[in-house]
Amino acid sequence: MNTNAEFTLLYDGHCPICRREVAWLQSRNAAGRVAFQDIHANDFVPEHLGCTEAELMAEIHGVRADGSLVKGIDAFHATYSLLGLAWLAAPLRWPLTRPLFAKLYAYFARYRLPLGAWLAGKACKADCRI
């Protein structure tokens, strides 16, 4: 993982939707404030973060520079804020919309692989259920 970044977003590199969003986010990361780590990379060891692969697959995680973990919609908020896109992530923190976005994200996280395969028009390369 990139230790110079302020935040590292851990993403599912097997998910076509996740890969596309990460590519978009990377294009806005000229200052290098955010690092991106595919949780399926050969050199990535989730246990170094005190997590299992199953936990990382269940929902998105991020790691602050101090080593603390952030997960779910809070990981998106941290990433978008550091990239100057806080206005896009602001509703994730609003008291009236936060519960809705948390539920929508939980649903998306559970079905992202089959949804990504369907949108891409390709069959899953691995087990598409979590």
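This is a predicted model: local features need pLDDT of at least 70, side-chain atom pairs count only at pLDDT 80 or more; totals for chains, interfaces and linings use all residues.
Of the 130 residues of the protein chain, 40% count as buried.

Strand S1, which spans residues 7-11, has 5 of its 5 residues buried, so it is largely enclosed by the rest of the structure. Its side chains are divided between two directions: Phe 7, Leu 9 and Tyr 11 point one way, whereas Thr 8 and Leu 10 point the other way, and all are buried. Strand S1 runs parallel to strand S2 (residues 34-38), to which it is joined by 5 bridges; within this pairing, Ala 35 of S2 is the bridge partner of Thr 8.

In helix H1 (residues 16-26), the buried residues are Cys 18, Val 22 and Leu 25. When the helix is viewed down its axis, these buried residues fall within an arc of 60°, so they line one face of H1. The structure holds 0 disulfides.

Helix H3 (residues 73-82) is mostly covered, with 8 of its 10 residues buried. The buried residues of H3 are Ile 73, Ala 75, Phe 76, His 77, Ala 78, Thr 79, Tyr 80 and Leu 82, whereas Asp 74 is partly exposed, with a relative accessible area of 22%. After H3 comes Gly 84, which has a positive phi near 75°. Helix H4 (residues 86-89) contains Leu 88, a residue that is partly exposed at a relative accessible area of 39%. Together with Trp 24 and Trp 87, Leu 88 makes a nonpolar surface patch of about 340 Å².

The count of salt bridges comes to 5. One of them pairs Glu 6 with Arg 33, the closest N and O atoms being 2.7 Å apart. This pair links distant parts of the chain, since Glu 6 belongs to the segment before S1 and Arg 33 to the loop between H1 and S2, 27 residues apart. Both partners count as partly exposed, Glu 6 at 39% relative accessibility and Arg 33 at 32%.

A further salt bridge is formed by Asp 12 and Arg 112, with the closest N and O atoms 3.0 Å apart. Here the link is between the loop joining S1 and H1, which holds Asp 12, and helix H5 (residues 98-120), which holds Arg 112, the two residues being 100 residues apart. Asp 12 is buried, with a relative accessible area of 4%, and Arg 112 is also buried, at 5% relative accessibility.

Arg 93 forms a salt bridge with Asp 74, for which the closest N and O atoms are 3.7 Å apart. Because Arg 93 lies in the loop between H4 and H5 while Asp 74 lies in helix H3, the pair ties together parts that are 19 residues apart in sequence. Arg 93 counts as partly exposed, at 44% relative accessibility. Through salt bridges that share partners, Asp 74, Arg 93 and Arg 98 are joined into one network.

Note on methods. Residues are numbered from 1 along each chain as its sequence is written. Side-chain values use heavy atoms; hydrogens and water are left out. A disulfide is a pair of cysteine sulfur atoms within 2.5 Å. Buried means under 20% relative accessible area, exposed over 50%, partly exposed in between (1.4 Å probe, protein chains only). Helices (H or I, at least four residues) and strands (E, at least two) are DSSP runs, numbered from the N terminus. The arc is that of the directions from the helix axis to the C-beta atoms. Patches are made of residues with over 30% relative accessible area and no salt bridge: like charges are joined within 9 Å, nonpolar side chains (Val, Leu, Ile, Met, Phe, Trp, Tyr) within 5 Å. Accessible areas come from the Shrake-Rupley method with a 1.4 Å probe; for residues, only the protein chains shown count as cover. A salt bridge is a side-chain nitrogen of Lys or Arg within 4 Å of a carboxyl oxygen of Asp or Glu. Two strands pair if DSSP finds at least two bridges between them.
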